[in-house]
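Have the structure open beside you as you read.

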Amino acid sequence: MTWSPWRQLSRGLRRLTNRSAADQDVADEVQHYLDEATAARVADGLSPEAAVRAARLEVGNVTSVREQVRGYGWESTVETLFHDFRYAARRLRAEPVFSAIMTLTLAVGIGATTAIFSVVQPVLFEPLPYPDAGRIVSIWEVDLDGSRNDGTFGMYHGLRERAHGFDAIAVFMPWRPALTGPDQPDRLEGQRVSVGYFQVLGVTPILGRTFQISEDRLNGANVVVLSDALWRRRFGADRSIIGRQLTLDDASYLVIGVMPSGFENVLAPAAELWAPLQYDLSQGRDWGHHLRMVGRLGPGVTVDEATRELARLGRAVLAEQRPATYGREVSLVAEPLHADVTSAVRPALLAMLGAGILVLLIACVNVTNLLLTRGIRRRGEFALRAALGAGNGRLIRQLLTESLLLAAMGGAVGMAVALLGVPALVALSPPGLPRVGAIGFNATVFAFGMVLTTVIGVAFGVIPALQAARGDPHRGLHHGSRRTHGGHRRTRSALVAAEVALALVLLVSSGLLFRSLERLFAVEAGFDSSHLLTLQLQTSGRPGPDGATEDRIFGLILEAVERVPGVTAAALTSQLPLSGDLDRYGVFFDPSLSADPGEVRGTFRYAVSAGYHHTMGIPLRRGRLLGEEDGAAAPRVALISESMAKRRLPGLDPIGRRVRIGDGPLYTIVGVVGDVKQMSLAVNESEAVYVTEAQWRFEDNEMSLVIRAHGEAAALAPAVRQAIWSVGKNVPIARVVTMDGLVAASAAERRFALILFGAFALAALVLAAAGLYGVLSGNVAERIGEIGVRSALGASRGNILALVVRQAMTVTGLGVAIGLGGAVAAIQVIASLLFGISRFDPVAYLGVVALLAGVAMVACGVPAWRAARVDPASALRVE
Amino acid sequence: MSVGILDPDPRRSLPVDEPNTDVIQGTLDLLILKTLSLQPMHGFGIARRIEQVSRGSFKVNPGSLLTALQRLERAGWLEAAWRQTENSRRAKFYTLTRTGRKQLDLETADWTRRASAVARLLKADA
């Protein structure tokens, strides 16, 4: 059958825009048909009256024929929809309070879920932004105890030649060069990468090229690749940048490439420039675990196959050359890069998505309850319409239109909430969240919100439609009053109980998170964080292999800073607690006390200036602290931490013992100091060794300055900056932050989770209270006759009050019981975010139950009061 | 708000003394096209003609007929225009278009093929 869309469209539109003419046309045609039929009967010899009657019989109901003809075409469907829509809009306008409550309730649910989805989707569900991202893996060395270690250059070197399952393997390390030139000195974040790094990621530069094998050798050419952001910021996106020289760490580097703006580096999100690794084998660190390793699997190679090959090759490499720092048994594993970079945040993000969905569920329960209550009120209307001949399909379509309109309004406000909420979430997000740049209110998020809204709209249209369709119009018309039967009341009570249960799960989760954060902030960091300003300094020159040629710039800076008014003490350290610095060495006691070098864990190594422990307020437990006398020429001495002494030298006196740090010389232990949290407040790894910077075998070119202030620490920053630049104009200053700030940042992930859970729990509590209030006040209104009879029969106000309160408490109690079960199951999800408390922490559970009971009391207060004041005479008249 | 009143059973409006059949599902279009291939006609004229030619075996329901006319017009096979009838009433006349004529040939051939197939089947069965 030929079908001309153009004709369909034009005719349909013509009829839509001029409906009355089209209707007249149909009416005329039907009327003419009737006239002709009558005329034909008259011609057949019937009398005019009989002819009219016969023609009527033949044609049937004229109106119905007209309706049938009029109903042809797509435009009449559009018209019906439009009518339904207008009618729905009119209904919703007629009940502004109802519509507003529904819209806001849905908006909270849809907004919360959509906003969280916008964070979770790019981080957890989207593949990483690389070609064949599934083939990129992280390669880790696994210790006997299952802990993961960074890779070594030695292992990389051994693997690279032999691994056939990989297209490329690369290692990299952070690189923070100082860029000097005509402008202010700038410390940049970058990476030193082995030659295959960009091949592993599968990205190519937009300008120029990346590294060649000949450049990734010690004393190879100094070449650098820039990020798009750095290229734009510092060099005005000048395309002639290729071939230009930059001064980085006082050395000249040739710019050979610029990466595209879309290049997202999940392995080092802040990195803005890249140089070849040019690994220095003469430093003797080639078996030190300080390089991260990644690889790109060959086509068709599975992660399991790659892990098996790595394990085999790893053993082969070690069999040829077993370095001293390696344990007996070292295995290597490959893990998909996506899983690896998101593993730390996955549980928290999924828990937040779960919390968002809980809020949505609670909102939906509330809306269902409201719709049921409204459905009962509208039973009369629907019964009337059904009695007038509206089919079930027509009624259901009307209800669907209404609920879709409601959902659309809720969705629109919800999306606006999400639109505002997403930037807030990004601002609040903890520093460890990968792919923050990809989070935003984009098309996928919008589509998610639309689908969510539509599903909700359809679901909510179906519930009252079923309710209406099941009803018998006759009974409906008869009982067009506001009386209901027990079945509906039970359904609604069950729904409110479910709502209380869901809210309880959220409240308990937030309670536990809150208690965890409380505990976390009570943890002793091991030093006095108040009035402490920290910043990071860097010498722009690369350290010489022996360290002795370096000028004493750090020492001069320290002296200058100590003279700043308001500074009571200042010191230098190679790594700063809670700052993210991570510098660990294998430490051995002499003579060796642990038989198995595999047991050697990484120990934090601090090269510090003499006053460090005093400035930080780290207590001395035994022996003495490091002093000015422990210079380069003096006997080598070290301090160890309390827990290191306890674990590694149980029952022995550490003073006077000798210790080897990595492959370096021996140091004599002269003192034991208190434990310090290095990685975070929650991580209990406190084995540390301190030496003076003068006695360390190379000069750290990055040092942190800690400054104890007399008053407000942050206020000192400008004066300290001036003091530093008075000594060296080209010294970049980075990471200026108070120690209190670092302590707070250490709990950022938990605080992020707490803020979200807290907000969701609050929304849930309000929604649950509203639901409880709605059902109770509805019940009181429906049972007003019954209450009237009761009080007429002698029930006291107290009895009536008790009746309502008992009902409220039964519903709440049921919800609490179910919710407690749900909470115990749900807490598993946030277990990784808890700290220092049991997941059954009684304070959190009891507090939440008490809170819910209190809210239930308040919610039932108004209906109970109203019920108690019912005048029996007027109540009975309602019947 | 328009409430669709249920159609009364169309068969109830037929004279009960004549043996008749509803127009076979799907053949109404063919019958209309064929009828109009002789001359332009209005709705009642088409219905009358189908009844007469089929000797009363086919009764055409006016609602279905007028809807079918709309559909065929929308498909481009008919053209409709209001004109005076011979008894000086205004009526909507339908004329077969050129594509409509082609469609008639197609549908006729199709129907003949089907009908003879059915006939063969029935003969084979008997």
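**Starting from one bridge**

Find B:L78 first: its bridge partner is B:L96, which sits in β5(B). This is a predicted model, in which local features need pLDDT of at least 70 and side-chain atom pairs count only at pLDDT 80 or more, while totals for chains, interfaces and linings use all residues. Residues are numbered from 1 along each chain as its sequence is written, and chains are lettered from A and ligands numbered from 1 in the order in which they are written.

Back to that bridge. β4(B) and β5(B) run antiparallel and share seven bridges; two strands count as paired if DSSP finds at least two bridges between them. Helices (H or I, at least four residues) and strands (E, at least two) are DSSP runs, numbered from the N terminus.

As a whole, chain B has four helices and five strands, and along the sequence they read β-α-β-α-β-α-β-β-α. Of its 126 residues, 27% are buried. Buried here means that 20 or more other C-beta atoms lie within 10 Å of a residue's own; 12 or fewer makes it exposed, anything in between partly exposed, and the C-beta atoms are placed from the backbone.

**Where the chains meet**

So what does chain B touch chain A with? In numbers, 27 residues of chain B are in contact with 34 residues of chain A, a contact being two C-beta atoms, placed from the backbone, within 7 Å. On the chain B side, α2 (43–53), α3 (62–74) and β5 (90–96) each supply at least two residues. The most comes from α3(B), with seven residues. Sorted by class, that side of chain B has eleven nonpolar, ten polar and six charged residues. For the classes, Ala, Val, Leu, Ile, Met, Phe, Trp, Tyr, Cys and Pro are nonpolar, Asp, Glu, Lys and Arg are charged, and the others, Gly among them, are polar.

**Chain A from a distance**

Chain A has 27 helices and 24 strands. Its radius of gyration is 38 Å, well over the 29 Å that the globule rule gives for 879 residues, so chain A is more spread out than a compact globule. (That radius is taken over C-alpha atoms, and the rule is 2.2 Å times the number of residues to the power 0.38.) The C-alpha trace spans about 135 × 80 × 55 Å along its principal axes. Buried residues make up 42% of the 879 in chain A.

The chain splits into domain 1 (5–72), domain 2 (144–329), domain 3 (346–521 + 748–878) and domain 4 (541–729), with bounds that come from an automatic or database domain assignment. Taken over C-alpha atoms, the centres of domain 1 and domain 3 of chain A are 53 Å apart.

**Up close in chain A**

Now look at helix α21 (residues 717–727) of chain A, whose buried residues are A:V720, A:A723 and A:I724. Down the axis of α21(A) they fall within an arc of 95°, so they line one face of the helix; the arc is that of the directions from the helix axis to the C-beta atoms. The face turned away from them carries the exposed A:P718, A:Q722 and A:S726. Among the elements covering the buried residues of α21(A) are β14 (532–538), α18 (553–562), β23 and β24 (733–738) of chain A.

Follow β23 from there. Strand β23 (residues 702–709) pairs with β15(A) in the antiparallel sense over six bridges, and A:T573 has A:S704 in β23(A) as its bridge partner. Strand β15 (residues 567–573) of chain A is mostly covered, with five of its seven residues buried.

A:Y667 lies in strand β21 (residues 666–673) of chain A. Is A:Y667 buried or exposed? A:Y667 is buried, because 24 other C-beta atoms lie within 10 Å. Beyond its neighbours within four places in sequence, A:Y667 has contacts that include A:R636, A:R658 and A:V691. By contrast, A:R385, in helix α13 (residues 379–387) of chain A, counts as partly exposed, with 19 C-beta neighbours inside 10 Å.
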